[in-house]
Amino acid sequence: MGEGGVRELESKVEVRVRFAPSPTGNLHVGGVRTALFNWLFARHEGGKFILRIDDTDPERSKKEYLDNILEAMKWLGLDWDEGPEVGGPYAPYFESQRMDRYRAALDGLLSSGDAFKCWCTEADIDEMRRQAAIQKKPPRYNGRCLNLSSSERAKLEAGDRKPVIRFRLPDGPAVVLDDVIRGKIEFPRDMLDHFVIARSDGKPVYNFTTVLDEVDLHITHVVRGDDHLSNTPKQMLMAEALGFKPPRYAHLPQILGMDKARLSKRHGAAAVIDLREDGFLPGAVLNFLALLGWSFNEKDELFTLKELVEKFSLERVGTAPAVFNAEKLEWMNGVYIRKMPVEKLGADLAARLQAAFGGKADYDQGLVGDAAYAGKVIGLLKDGLKALAEVADQADFFYRKEVKWEDDARAKLAGWPKAGEIMKAVLALAEKTEPFTPEALEAAWRTGASSAGLKFKDFVHPTRFALTGRSAGPSLFHLMQVLGRQTSISRLRSALSQMNT
């Protein structure tokens, strides 16, 4: 047996779960779904959520990716109880800072006989696989270096070839996993082999480091994607060799695209920070991801984060693959946008429009970046939005110094019967209507159209064309109130002047 004593995980001990991303790329929705389920389980059980960084690949691990992971987690509100920037009683929380611990444990496994050095080459391994295929057996390492004589081992030790370290697969019955989500799963021993736990350069590998990390962080439950299911029997045996009882495992269903293929960017599964830049709200993203594999009942789909914590359980997670439906995410985000107070949306919109319009001569810089004004604008536009990234285009006419005409709107105004007379009439109405409110403006336009022997729409549509340069948009009289009397008058005069030239 390896170092350490057996630590029993009693049923009433504090739940401790971890999310262990690798900083070799930006955090994507699949990883966030795993983080969310761990976070919800910990919060529901009153336990601890630990963030651990698996950065043992120095060539691919980058600070920019670590920063992206931390930023995404903070934006979503998935706070961690222990980990980077927080600390905790079981630091360090970076694998790269735990190498001395790994080496000591490896030495312990070698001393106990639970691990052994292997000098087999890639060609040797390929030949073993070929022979296994001929015999119609699973491709396995055949244990050649377990049976070396003392002289053979001494000769190899003295040579230049560096060995890997393999875990010695013990004899015994099938490894039985009691998965929280999937129930009991048996892994026959003949499907396993003496797997590598440290490379020839001495660097430990995942199936070793992650087990020791779970042990040292006192993790009670490992909640992760089912792509790790094949690793689980190896890790259970490794934990036992180290002298510890394995944690409970819960394997989440994989996420597929609408075409039932493995989820990728082409399905709309962007990096989390990209979703933020595209105008998705954190509550909508979390709500959507929570439903990728979990459900409370067949009818309810909209949950606040507090409600998710209250209702979440691993037992309600399914085993069938979940489908990432980008259109449903957009629909859900639209619901969240409509629910959010315009004051909060205004601050977000102001920052977006500052980035889009700031410093450009065609735009009124006094309005660009004005959160209060942006709140009024978003109040008119939010009902039709799926994401806040759409706002810059839809809000463009609110910020321009002069109307930018769409060809369709210009042609419609030019061809509108009695357009010149109508424009003079609505200009006069804009100058004298008091108060300048949607209700008063609508009443004035209705009266004006009736007095001219025209339909209400004959006054409304030309006014919209003149004020926005567009054929469609939000409520005319509400947008006039946001534009204000002077801007509305100025734009109506400009349109009339163009019609007279």
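Mentor: Two strands pair if DSSP finds at least two bridges between them. Strands (E, at least two residues) and helices (H or I, at least four) are DSSP runs, numbered from the N terminus. This is a predicted model: local features need pLDDT of at least 70, side-chain atom pairs count only at pLDDT 80 or more, and totals for chains, interfaces and linings use all residues. Residues are numbered from 1 along each chain as its sequence is written, and side-chain values use heavy atoms, with hydrogens and water left out.

Trainee: What makes β8 and β9 a pair?

Mentor: Strand β8 (residues 221–225) and β9 are joined by 5 bridges, in the parallel sense. The definition asks for at least two, so they pair.

Trainee: Why is the unit of β8, α7 and β9 called right-handed?

Mentor: Point the strands away from you. A crossover is right-handed if the path from the first strand over the helix to the second then runs clockwise. β8, helix α7 (residues 232–241) and β9 form a β-α-β unit of that hand.

Trainee: How do you know that β1 and β2 pair?

Mentor: Count the bridges. β1 and strand β2 (residues 48–51) share 4, and the sense is parallel. V17 faces F49 in β2. The path from β1 through α1 to β2 is also a right-handed β-α-β crossover.

Trainee: What makes β9 mostly covered?

Mentor: Buried means under 20% relative accessible area, exposed means over 50%, and partly exposed lies in between (1.4 Å probe, protein chains only). Of the 5 residues in β9 (residues 248–252), 4 are buried.

Trainee: How do you know that α6 is mostly covered, and what covers its buried residues?

Mentor: In helix α6 (residues 206–216), 10 of 11 residues are buried. Among them are F208, V211, L212 and V215, along with D213, E214 and D216. The cover is judged by contact, meaning heavy atoms within 4.5 Å. It includes β1 (16–19), α3 (99–112), β7 (196–198), β8 and α7.

Trainee: Why is H218 called partly exposed?

Mentor: Its relative accessibility is 27%, so H218 counts as partly exposed. H218 sits in the loop between α6 and β8. Its phi is positive, about 55°, although it is not a glycine.

Trainee: Why does K136 get its own accessibility class?

Mentor: K136 has 78% relative accessibility, which is over 50%, so it counts as exposed. K136 is in the loop between α4 (122–134) and α5 (150–158). K136 is not a glycine either, and has a positive phi of about 55°.

Trainee: Why is R464 called buried?

Mentor: R464 has a relative accessible area of 10%, which is under 20%, so it is buried. R464 belongs to helix α19 (residues 456–468). Leaving out residues up to four places away in sequence, R464 touches several others, including R470, P474, L476 and L479.

Trainee: What makes a set of residues a nonpolar core?

Mentor: The members are buried Ala, Val, Leu, Ile, Met, Phe, Trp, Tyr and Cys residues, joined through side-chain atoms within 4.5 Å. The largest core here has 113 residues. Those with the most contacts inside it are M73, V377, F398, Y399, W445, L479 and M480. Helix α1 (residues 29–45) gives the largest share of this core, 9 residues. Apart from it lies another core of 35 residues, among them A105, L229, M236 and A241.

Trainee: How do you know how spread out the chain is?

Mentor: The chain has 21 helices and 11 strands. For its 501 residues the rule gives 23 Å, but the radius is 32 Å, well over that, so the chain is more spread out than a compact globule. Its C-alpha trace spans about 110 × 50 × 45 Å along the principal axes. The C-alpha atoms of R464 and A158 are 87 Å apart.

Note on methods:
The radius of gyration is taken over C-alpha atoms; the globule rule is 2.2 Å times the number of residues to the power 0.38.
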